[in-house]
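Here is a short report on one protein chain. Keep the sequence and the 3D view open while reading.

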Amino acid sequence: FTSTREQKMKRYRVLIFLVLCFQFTILYLTQFFSPQFIQSMVLVGENNIYNIFKAEKQFILNGSISLVAKKSNESNVTDIKLDINGEFFPSIMTSDSNGRLGNQICAYATLLYFQMLHGFHAILNEGQVGTIGSVFQEDKIEISASRINMPPQFNFNWESVASHTPQGAWFPNDEFLENIDKYKYNKFINIGLYPHYLFLFKRIVGHIKKNLLFKNQTQILVDHWLAELREDNISEKEIIIVGVHCRRTDYGQHLEILAGASLVDHEFFDKAFDIYRSRYNTVSSQVVFL
């Protein structure tokens, strides 16, 4: 009888020991599956989905998706909707600008402003990044060429937060700018076709200059040409260089269609040049127009 009792006690001790080991194992492993650990872990590999083009940006934040069923008060139909709760992902922002280099630079600068200062995740398409990368050093560009692949049972719509004047100038909507916190999560934002929002991105112009560096070959040619320009300066004054962009080609047609206007002539440029000369030509400096 005593031997049987001892055997049972021994089995109980073993069972209790195994249960305790199991519990401690669960507690130990739990920390590795906590959101904090997962978020730190997914940023390690270069090819990890969470490493989005040099920006260690996490797309799992603090939210969830659930199906919610609610019976309609007006009928016997039950409405079933997919509900996103909390800050599920940072809103993705883009511009479908189809213009040339100048338009793409402005779109890039605007998107970079919203990404840096407000936490949106900015993307451009391959053609847009290719246009910028054809002139500037691609490894300095902080917005990657991206596309969004949704599961086959889902789709999404871009929400436009900008509008244009009758003359074709685009501006972000006041409602968006004044309530920007409402747009920071769980949305797909289109910031406008031609977002030339200098009044916004001038706040990060120093950072933009570090992003948009000419390709080395182009920079060498420019530096050489500017050096020759300064060597030819017999007055020994400080040269102030003013760039001049005189757009023609299809812009005349744009002006006529959108504003009923025509291109400026040489009198406009002569007057503009005189303004800069009157402001910056001094005994020690001289303006040169390029």
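## Two loops with positive phi

Glutamate 236 sits in the loop that links α8 (216–231) and β11 (238–242). Its phi is near 60 degrees, a positive value in a residue other than glycine. The model is predicted.

Asparagine 186 also has a positive phi, of about 65 degrees, although this residue is not a glycine. Asparagine 186 belongs to the loop between α5 (174–178) and β10.

## The parallel sheet

Strand β10 takes part in an open sheet of four strands. The order is β6-β5-β10-β7, and the pairing is parallel. The edges are β6 (121–122) and β7 (159–160), each of which pairs on one side only.

How many bridges join β7 to β10? Two bridges do so, and the strands run parallel, with β10 covering residues 188–190. Serine 160 stands opposite asparagine 190 of β10.

## The antiparallel hairpin

Strands of a sheet pair through backbone hydrogen bonds, in either a parallel or an antiparallel sense. Strands β3 (residues 62–71) and β4 (residues 78–87) take the antiparallel sense. Ten bridges hold this pairing in the model.

A hairpin connects β3 to β4 through six residues.

## Packing of α3 against α4

Helix α3 spans residues 101–118, and helix α4 spans residues 126–133. They pack at an angle of about 105 degrees. Their axes are 9 Å apart. Angles of 65 to 115 degrees count as roughly perpendicular, so α3 and α4 are roughly perpendicular to each other.

Which residues make the contact? From α3 come Leu101, Gln104 and Tyr108. From α4 come Gln128, Thr131 and Ile132. By class, the contact of α3 with α4 has three nonpolar and three polar residues. No charged residue takes part.

Helix α10 runs over residues 266–280 and has 15 residues. From its first C-alpha to its last, α10 reaches 21 Å. That is close to the 21 Å expected at 1.5 Å a residue.

What lies at the start of α10? A side-chain oxygen of aspartate 265 comes to within 3.1 Å of a backbone nitrogen there, that of glutamate 267.

Note on methods:
Residues numbered from 1 in each chain as written. Predicted model: local features only at pLDDT ≥ 70, side-chain atom pairs only at ≥ 80, totals over all residues. Heavy atoms only, no water. Expected span 1.5 Å × (residues − 1). Polar contact = N/O pair within 3.5 Å; in protein donor to acceptor, adjacent residues only side chain to side chain. Pairing = 2+ DSSP bridges. Axes fitted to C-alpha atoms, helices over the stretch in contact; angles between N-to-C directions. Parallel < 35°, antiparallel > 145°, perpendicular 65-115°, else oblique. Contact = heavy atoms within 4.5 Å. Nonpolar A, V, L, I, M, F, W, Y, C, P; charged D, E, K, R; others polar.
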